Amino acid sequence: MNASMRTAHKNDYDVVVAGGGPVGLFLACELRLGGAKVLVVERLAEVDETIKAGGMNTAGAVTLYRRGLLPDLTAAWERNRWRMRAFLGDRERDQDREQDRKQGADAPRTLPRTPPKFAGHFAGIMMRGDLFDDSDPAFADIGPADGVGLGVPQVELERILGARAERLGVEIRRGVELTGFDADDDGVVVHLDGDATVRTGWLVGCDGGRSTVRKLAGFDFPGTEPEITGYQAVVEMSGGERLGVGWNTTDVGTYVNGPFPGRILTVEFDGPPADRSAPITAEELQAALRRVSGVDEVTIHEVHSSTRFTDNARQASGYRKGRVLLAGDAAHVHSPFGGQGLNLGLGDAMNLGWKLAAVVRGLAPGTLLDSYTAERHPIGAWVLDWTRAQIAVMRPDRHARALRRVVADLALTTTGTTYLVKQISGVWQHYDLPGEHPLTGQSAPDLELADGTRLGDHLHDGRALLLDLADDPKLRARAEGYGDRVEVVTVGCPGRPELTGLLVRPDGFVAWAADGSDQGDDLDDALTRWFVAA
């Protein structure tokens with residue numbers, strides 16, 4: 001056992017996670033899989049119903065698939081797919097009626113009866129599914145999770161992860177707020193409202209963009225200032241039939257209508273709001289929608305859910321200070337365009353969870369956590385720049401509009417669409433890990449194995465996986481002595497006969513791969529790097 005864990009018996013919990021949203025809950029699940037005792041504290045008494053992320057990208061869905069949550073995601077996707085289809089169908093009928101009024105009922109139809117296949121958007125520039133080249137190697141072997149997360153809203157994901165956390169034995173205290181903490185070399189004393197305290201080995205801030213943990217710990221948070229005010233809401237309104245469907249660019253800014261009834265979004269380049277926390281009224285939303293759309297007949301009668309946002313883009317310089325770590329929006333904030341935030345946070349949790357659990361159990365030195373910032377910070381920095389680029393293309397000035405036309409032309413090509421979809425989906429993400437094989441550092445391909453299983457089926461319990469694809473006793477022997485940390489599976493892979501072995505970390509990324517040549521020393525190095533206690 002390493003020295004930092006000798007006082008673990010004095011702690012009430014191994015890890016306290018501040019924030020019970022999807023990132024905090026998923027991190028807690030990962031920590032429990034690794035054997036840690038976890039407490040989640042969440043200031044809200046109930047699941048937050050405020051409209052936020054509308055879905056996950058491919059990388060986010062694959063992350064949850066690897067933990068056996070595909071059935072839950074599929075059920076949620078089906079529910080929301082039919083809701084969106086019903087809305088689009090209503091709008092098509094409205095368009096038909098409008099055309100009948102203007103041209104006569106017997107006039108030929110010129111408006112599309114069905115929307116184009118959705119492939120995502122960049123700054124509101126929609127990509128056509130028929131231009132997407134899904135034969136691109138980046139999309140090979142993704143597995144059954146591809147596309148499933150698209151229509152799963154954040155509130156449903158939070159319920160799915162909350163139920164999983166409870167099944168795994170995570171303690172969740174709702175309606176409890178972290179008010180402060182005192183950290184030393186041996187642990188953290190966490191102060192909660194009501195003068196309660198708990199002692200923990202580690203504290204992780206998953207408490208959002210205005211993170212209390214980040215501020216109290218003194219993390220640097222550099223970035224760029226905001227220039228927009230945005231609203232997203234679900235409302236009851238009249239006059240909405242005069243609004244365009246989907247993303248619409250005007251001389252003032254951008255607005256969105258859909259993809260389900262009453263969901264609206266507006267963006268104006270008039271600087272950030274004076275007070276992001278002030279209540280949002282129907283009159284405020286209505287005024288913004290009228291200004292951006294130019295449709296004065298639209299009237300908002302009731303607001304079911306609403307939020308303000310900006311393009312404030314900042315990232316903590318590092319994700320760890322002693323016994324305190326950050327994940328999700330607590331570590332990085334940006335505009336919501338492209339839907340990257342939730343997926344980025346889930347990736348943080350997947351990367352951090354198994355590493356922190358290993359340190360907690362004394363199975364790895366604290367220096368293993370250095371790889372968390374090293375691997376996740378570059379991906380977070382990319383996401384911030386991706387959202388900044390979209391802001392640049394959305395501005396209403398003449399230079400930006402000229403640039404927008406160029407990007408729109410590129411998006412109407414197969415090469416351009418495929419490039420943009422690759423970025424949005426997250427399939428490009430990789431880590432800079434030691435090793436020469438092209439799979440090393442990549443998200444593991446979801447191989448179809450000879451016994452009828454897939455690679456992802458063997459990652460449900462959060463352990464590392466050594467696939468012996470050539471029935472090699474010497475390969476299996478190298479994994480002896482790792483106990484429950486590394487599962488060894490001997491099975492063939494008819495679809496990839498060149499592969500003889502694969503070491504997959506608990507987060508689903510390849511730490512070592514071989515394709516016939518003897519790379520035993522490289523395997524030993526990978527096993528030692530990730531799974532041997534100091």
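The model is predicted. Strand 12 is largely enclosed by the rest of the structure. A search of the whole structure finds one cavity of 30 Å³ or more.

- Strands of a sheet pair through backbone hydrogen bonds, and the sense can be parallel or antiparallel.
- Strand 19 covers residues 464–468 and pairs with strand 20. Their pairing is parallel and runs over five bridges.
- One of the partners can be named: Ala464 has Val486 in strand 20 as its bridge partner.

- Strand 12 spans residues 253–257. Five of its five residues are buried, so the strand is largely enclosed by the rest of the structure.
- Which residues of strand 12 lie on each side? Gly253, Tyr255 and Asn257 are on one side, and Thr254 and Val256 are on the other. Both faces are covered.
- Strand 11 (residues 246–249) pairs with strand 12 in the antiparallel sense, over four bridges. Thr249 has Thr254 in strand 12 as its bridge partner.
- Strand 11 joins strand 12 through a hairpin, with three residues making the link.
- Strand 13 (residues 263–268) also pairs with strand 12. This pairing is antiparallel too, over five bridges. Here Tyr255 stands opposite Thr266 in strand 13.
- The hairpin of strand 12 and strand 13 has five residues between the strands. In this hairpin, Gly258 takes a positive phi near 115°.

**The largest cavity**

- The largest cavity has a volume of about 40 Å³.
- Its lining is made up of Asn57, Gln340, Asn343, Leu344, Arg376, Ile379, Val383 and Gln429.
- Helix 7 (341–360) and helix 8 (370–394) are the elements that give two or more residues to this lining. Helix 8 gives the largest share, three residues.
- By class, the lining of the largest cavity has three nonpolar residues, four polar and one charged.

**The second largest pocket**

- About 580 Å³ of space lies in the second largest pocket.
- How many residues line this pocket? There are 30. Val427, Gln429, Gln442, Ser443 and Ala444 lie nearest its centre.
- Helix 2 (58–65) and helix 7 each supply at least two residues of the pocket lining. The largest share, five residues, comes from helix 2.
- The pocket lining has 14 nonpolar, 10 polar and six charged residues.
- Gln429 is named in both spaces: Gln429 lines the largest cavity, and Gln429 is among the residues nearest the centre of the second largest pocket.

**Two single residues**

- Where is Gly462? Gly462 sits in the loop between helix 10 (414–425) and strand 19.
- Is Gly462 buried or exposed? The relative accessible area of Gly462 is 17%. Buried means under 20%, so Gly462 counts as buried.
- Not counting residues up to four places away in sequence, Gly462 touches Leu33, Arg67 and Pro506.
- Gly462 and Leu33 are 429 residues apart in sequence. In space, they are 5.9 Å apart, C-alpha to C-alpha.
- Pro473 belongs to helix 11 (residues 473–478).
- Pro473 has 53% relative accessibility. Exposed means over 50%, so Pro473 counts as exposed.
- Pro473 and Pro261 are 212 residues apart in sequence. In space, they are 59 Å apart, C-alpha to C-alpha.

Terms used: Residues are numbered from 1 along each chain as its sequence is written. This is a predicted model: local features need pLDDT of at least 70, side-chain atom pairs count only at pLDDT 80 or more; totals for chains, interfaces and linings use all residues. Side-chain values use heavy atoms; hydrogens and water are left out. Two strands pair if DSSP finds at least two bridges between them. On a 1 Å grid over the protein atoms alone, a cavity is a set of points where a 1.4 Å probe fits but cannot get out, and a pocket is an open set with protein on both sides within 12 Å along at least five of seven lines; lining residues have an atom within 4 Å of a point. Grid points are joined across faces, edges and corners, and a volume is the space filled by probe spheres set on the points. Ala, Val, Leu, Ile, Met, Phe, Trp, Tyr, Cys and Pro count as nonpolar, Asp, Glu, Lys and Arg as charged, and the others, Gly among them, as polar. Buried means under 20% relative accessible area, exposed over 50%, partly exposed in between (1.4 Å probe, protein chains only). Contact means heavy atoms within 4.5 Å.
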